[in-house]
Number of protein chains: 2
Amino acid sequence: MDLAQCSLNSVTVKGAGFTEVADLAEQWGFGGVGLWRDVLDGVDLAGASARLRGSGLRVTSVCRGGMFPQPTAELRREAMADNRMAVDQAHALGADCLVLVCGAAHGDLAGARLQVHDGIAELEPYARQAGVRLAVEPMHPMMASSRSVITSLQEANDLIEAIDSDLVGIALDSYHVWWDAALQQQIARAGERLFSVQLADWVTPIQGELSSRGMPGEGCIDMTGFVADCRNAGYAGLVEVEILSDRWWAEAAPRAVHAAANGLAAV
Amino acid sequence: MDLAQCSLNSVTVKGAGFTEVADLAEQWGFGGVGLWRDVLDGVDLAGASARLRGSGLRVTSVCRGGMFPQPTAELRREAMADNRMAVDQAHALGADCLVLVCGAAHGDLAGARLQVHDGIAELEPYARQAGVRLAVEPMHPMMASSRSVITSLQEANDLIEAIDSDLVGIALDSYHVWWDAALQQQIARAGERLFSVQLADWVTPIQGELSSRGMPGEGCIDMTGFVADCRNAGYAGLVEVEILSDRWWAEAAPRAVHAAANGLAAV
């Protein structure tokens, strides 16, 4: 892929601040950036947005909202307040979407899934007012107790169809869904509700379920086929590279971006 | 659960030989043992079978056959020869089933799934002659590149229904499937095709995708609900405790069995 069709997610160079992420994306010719909210702490969002626009960089995603299942009503209120702040940040940056990491469960999966549905339905009117699209990210089943009870694209499709809003769609990361026998069919089903497409590769052994990922090409996922399926379904946006990797985080940011660029070039 | 309704899988006390596994199961009052083939190396199977029968211990499973996807015809023949030997061992022990760990894929998942189907269909007549039941084990999606491309109970049910033999069913381990939104419905669908039910608990962080498991009660899985769903579907056999855990493997075997027994008692 041409890097102009790709976006650099800030977590790929965890530790780098907003300006460094923007500079690296510009130097390498990326078409955009995906921004985790940690790099927005203390940053003037109007200035940041102008900086990115000036370089022709889109904001393909802000990460994250979500974490809807909470044990008490007060914690649910706190989570919802944080979600509204995330919507505000995505609005200020003109992001393509706010990624929803829906939240985990210990034990009562069905109850947690209900709280996810209800939480998104509650957030939707606020997002609509701001013109921000919400992207449910189905996450790998190994994260069901730590990150999200939405563990497959089929489940995410069921969820967004139940909510039935043109502003609620899918963020699809190869890492989370590559194993699924129903993947192609479910990508076609998602169609234009694909708001974000992200790449990370599957490498083993898993050393911590969050940050054992590989650059595109380091693992076993058919990235070219995955991107083609998303394009065929109607996804016309940039493709993000989002690599949570203790191994790459130990390298200097420019080396990680170099590796990401090489990996994307081969897709 | 009463331990007489449970079976001790040998891998829970990895490193223990056949006799030690049988002795531990008998001392603690288990109703049976599940045997990985490493503990059968060099063991006289007729004598072993008599030893177990004499103690009233069933053999609930032999593990494993499978590994059907192979890159060459010769390797497929070798895998099939090994599978026939596994069938012979399960027959000699009068085991309730031979567990199939179906095999992994790097890249071509659809091709690997086809080889799994064809491999089981090829093995079935041999298993029929021996009167051995084959139990497809759906495995956690995090093992798709290392152990099995059959990553959900729905997929396993689709597979065994396509093969359509009363001797081809399911080995269901809580660890591999607990996250699945369709689990209850798919357990009911499997019904009397549930040939084996195993328990292991989900604990994080994952340190290696094979052997990070917990004793029942150490993690977040609703074991009581899982067993109840299997019983309601018609499973009448013993429930195995099969814990692959670097943490527990570092303990002496009697301590691991003690912990397993305590965990099962609370289910």
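The model is predicted. Chain B superposes on chain A by a rotation of 180° with 0.0 Å of shift along the axis, at an RMSD of 0.0 Å. The two copies are thus related as by a two-fold rotation axis. Across all chains, the structure holds 24 salt bridges, although the count between chain B and chain A is zero.

**Interface between the chains**

- The contact involves 23 residues of chain B and 23 residues of chain A.
- Between them, chain B and chain A bury about 2000 Å², with 61% of this area on carbon and sulfur atoms.
- Eight residue pairs are in polar contact between chain B and chain A, counting pairs with both residues at pLDDT 80 or more.
- Gln207(B) is the residue of chain B that comes closest to the rotation axis, its C-alpha atom lying at 2.4 Å. The same surface serves both copies, since 100% of the contact residues of chain B recur in chain A.

**Helix H10 of chain B**

- Helix H10 of chain B comprises the 13 residues 253-265. At 1.5 Å a residue it should span 18 Å, which agrees with the 18 Å between its end C-alpha atoms.
- Its buried residues are Ala253(B), Ala256(B), Val257(B), Ala259(B), Ala260(B), Ala261(B), Gly263(B) and Leu264(B).
- The elements of chain B that cover these buried residues include strand S1 (6-9), helix H1 (18-28), strand S7 (194-199), strand S8 (239-241) and helix H9 (246-249).

**Helix H8 of chain A**

- Within helix H8 of chain A (residues 223-233), the buried residues are Met223(A), Gly225(A), Phe226(A), Val227(A), Asp229(A), Cys230(A) and Ala233(A).
- These residues pack against strand S6 (168-173), helix H6 (174-177), helix H7 (183-190), strand S7 (194-199) and strand S8 (239-241) of chain A.
- Gly234(A) follows H8(A) and has a positive phi, near 115°.

**Buried residues in loops**

- Ser165(B) occupies the loop between helix H5 (153-163) and strand S6 (168-173) of chain B. Ser165(B) is buried, with a relative accessible area of 5%.
- A polar atom of the Ser165(B) side chain lies 3.0 Å from the backbone nitrogen of Leu167(B). Leaving aside residues up to four places away in sequence, Ser165(B) touches Glu124(B), Arg128(B), Ile160(B) and Arg193(B).
- Ser148(A) is placed in the loop between strand S5 (134-136) and helix H5 (153-163) of chain A, and is buried at a relative accessible area of 0%.
- The side chain of Ser148(A) reaches the backbone nitrogen of Ile150(A) at 3.0 Å. Beyond four places in sequence, the residues that Ser148(A) touches are Cys102(A), Gly103(A), Ala104(A), Glu137(A), Met139(A) and Met143(A).
- Val39(A) lies in the loop between strand S2 (32-36) and helix H2 (45-54) of chain A, and counts as buried at 7% relative accessibility.
- Not counting residues up to four places away in sequence, Val39(A) touches Ser10(A), Ala16(A) and Phe18(A). The C-alpha atoms of Val39(A) and Cys230(A) are separated by 28 Å, the two residues being 191 residues apart along the chain.

**Salt bridges within chains**

- Asp166(A) forms a salt bridge with Arg128(A), with the closest N and O atoms 2.9 Å apart. Asp166(A) lies in the loop between H5 and S6 of chain A and Arg128(A) in helix H4 (residues 109-130), so the pair ties together parts that are 38 residues apart in sequence.
- Asp166(A) is exposed, with a relative accessible area of 51%, whereas Arg128(A) is partly exposed, at 40%.
- Asp173(A) and Arg213(A) meet through their side chains in a salt bridge of 3.9 Å, N to O. This pair links distant parts of the chain, with Asp173(A) in strand S6 and Arg213(A) in the loop between S7 and H8 of chain A, 40 residues apart. Both Asp173(A) and Arg213(A) are buried.
- In chain B, Asp82(B) forms a salt bridge with Arg37(B), the closest N and O atoms being 3.1 Å apart. Asp82(B) lies in helix H3 (residues 73-93) and Arg37(B) in the loop between strand S2 (32-36) and helix H2 (45-54) of chain B, so the pair ties together parts that are 45 residues apart in sequence.
- Asp82(B) is partly exposed, with a relative accessible area of 34%, whereas Arg37(B) is buried, at 13%.
- Asp23(A), Glu26(A) and Arg51(A) are joined into one network by salt bridges that share partners.

Definitions and conventions
Residues are numbered from 1 along each chain as its sequence is written. Chains are lettered from A and ligands numbered from 1 in the order in which they are written. This is a predicted model: local features need pLDDT of at least 70, side-chain atom pairs count only at pLDDT 80 or more; totals for chains, interfaces and linings use all residues. Side-chain values use heavy atoms; hydrogens and water are left out. Helices (H or I, at least four residues) and strands (E, at least two) are DSSP runs, numbered from the N terminus. The expected span of a helix is 1.5 Å times one less than its number of residues. Buried means under 20% relative accessible area, exposed over 50%, partly exposed in between (1.4 Å probe, protein chains only). Contact means heavy atoms within 4.5 Å. Copies are superposed by least squares on the C-alpha atoms of residues with pLDDT of at least 70 in both. Buried area is the accessible area (1.4 Å probe) that two parts lose on being put together, summed over both. A salt bridge is a side-chain nitrogen of Lys or Arg within 4 Å of a carboxyl oxygen of Asp or Glu. A polar contact is a pair of N or O atoms within 3.5 Å; within protein, one must be able to donate a hydrogen and the other to accept it, and residues adjacent in sequence count only if both atoms are side-chain atoms.
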